[in-house]
Structures are given as structure tokens and as C-alpha cells.
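Here is a short report for a reader meeting this structure for the first time. It starts with the whole chain and then moves to single residues.

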Amino acid sequence: MVRSIFGGAAAKTYRCPGCVQEIRPGVAHVVAWPIDGRGDESDRRHWHTGCWKARDRRIPGVERSRNAPRYG
């Protein structure tokens with residue numbers, strides 16, 4: 001299930017699973033969760049709208065710490 005959240009309704013900061021960046025309060029975004037009936041509110045994920053649209057084109061990324069070397 002997918003629902004669009006308008007900027008005025010976005011009141012908290014979330015972490016986008018697509019780019020691993022913050023979605024700040026006041027930024028329009030998308031909320032997605034499974035509809036199989038086995039999940040609950042903790043299964044909802046907040047995505048930037050562009051990240052959600054590009055999710056099928058992304059490859060799984062490796063999350064690096066801030067201290068990790070960028071290349072190599």
C-alpha cells in the first residue's frame with residue numbers, strides 16, 4: 001500500500017530507505033507498507049517521492065559510515 005504525504009502533513013523526520021538521507025518535516029514524501037495483513041505500523045517506510053519512483057532501477061547499496069573511505 002502506498003500513500004502520498006503532503007508537505008504540510010509531514011511533521012517528523014524520517015530516514016528514506018532509498019537514499020538513506022533524512023526526510024525533513026514539511027517535505028512531501030511517500031509512505032509504503034505491505035498489505036499482506038501480517039505487518040503493523042512498524043513496517044511502514046517513508047520514502048522521498050523520487051526515490052520511490054526509482055526503486056526498481058536502484059541496486060542494493062552498501063551503507064558506509066561517515067569515517068569510511070569514499071573510494072577504494
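Accessible areas here come from the Shrake-Rupley method with a 1.4 Å probe. The accessible surface of the protein chain comes to about 6,000 Å². Carbon and sulfur atoms hold 50% of that surface. The model is a predicted one.

**The chain as a whole**

The protein chain has 72 residues, and 21% of them count as buried. Its secondary structure consists of 1 helix and 5 strands. Along the sequence the pattern reads β-β-β-β-β-α. Among contacts with a separation of 6 or more, 41% are between residues 24 or more positions apart.

**Strand E4 and its partners**

Strand E4 covers residues 29-32. It pairs with strand E1 (residues 2-5) through 4 bridges, and the two run antiparallel. In that pairing, valine 2 stands opposite alanine 32. E4 also pairs with strand E5 (residues 45-47), here through 3 bridges and again antiparallel. There, valine 31 stands opposite histidine 46.

Which way do the side chains of E4 point? His29 and Val31 point one way, and Val30 and Ala32 the other way. All four are buried. In a regular strand the side chains alternate between the two faces of the sheet.

Valine 31 is one of the residues in strand E4. Its relative accessible area is 3%, which is under the 20% limit, so valine 31 is buried. Leaving out residues up to four places away in sequence, valine 31 touches Met1, Val2, Arg3, Ile5, Arg44, Arg45 and His46. Valine 31 and tryptophan 47 are 16 residues apart in sequence. In space, their C-alpha atoms are 6.2 Å apart.

**The core and its tryptophans**

Which residues make up the largest nonpolar core? There are 7: Cys16, Ile23, Val30, Ala32, Trp47, Cys51 and Trp52. E4 and helix H1 (49-53) each supply at least two residues of this core. In soluble globular proteins, nonpolar side chains tend to be buried together.

The structure holds 1 aromatic pair. Tryptophan 47 and tryptophan 52 form this pair, and it is edge-to-face. The ring centres are 5.3 Å apart, with 75° between the planes. Tryptophan 47 counts as buried because its relative accessibility of 14% is under 20%. Tryptophan 52, at 17%, is buried too. Arginine 55 lies over the face of tryptophan 52, at 3.7 Å from the ring centre.

**A loop residue**

Valine 20 sits in the loop between strand E2 (14-15) and strand E3 (22-23). Its phi is near 60°, a positive value in a residue other than glycine. Is valine 20 buried, exposed or partly exposed? Its relative accessible area is 30%, between the limits of 20% and 50%, so valine 20 is partly exposed.

**Accessibility side by side**

| Residue | Relative accessible area | Class |
|---|---|---|
| Valine 31 | 3% | buried |
| Tryptophan 47 | 14% | buried |
| Tryptophan 52 | 17% | buried |
| Valine 20 | 30% | partly exposed |

Methods: Residues are numbered from 1 along each chain as its sequence is written. This is a predicted model: local features need pLDDT of at least 70, side-chain atom pairs count only at pLDDT 80 or more; totals for chains, interfaces and linings use all residues. Side-chain values use heavy atoms; hydrogens and water are left out. Buried means under 20% relative accessible area, exposed over 50%, partly exposed in between (1.4 Å probe, protein chains only). Two strands pair if DSSP finds at least two bridges between them. Contact means heavy atoms within 4.5 Å. Rings of Phe, Tyr and Trp (its six-membered ring) pair if their centres lie within 6.5 Å; planes under 30 degrees apart count as stacked, over 60 as edge-to-face and the rest as tilted. A charge sits over a ring if NZ of Lys or CZ of Arg is within 6 Å of the ring centre and within 35 degrees of the ring normal. A nonpolar core is a set of buried Ala, Val, Leu, Ile, Met, Phe, Trp, Tyr and Cys residues joined through side-chain atoms within 4.5 Å.
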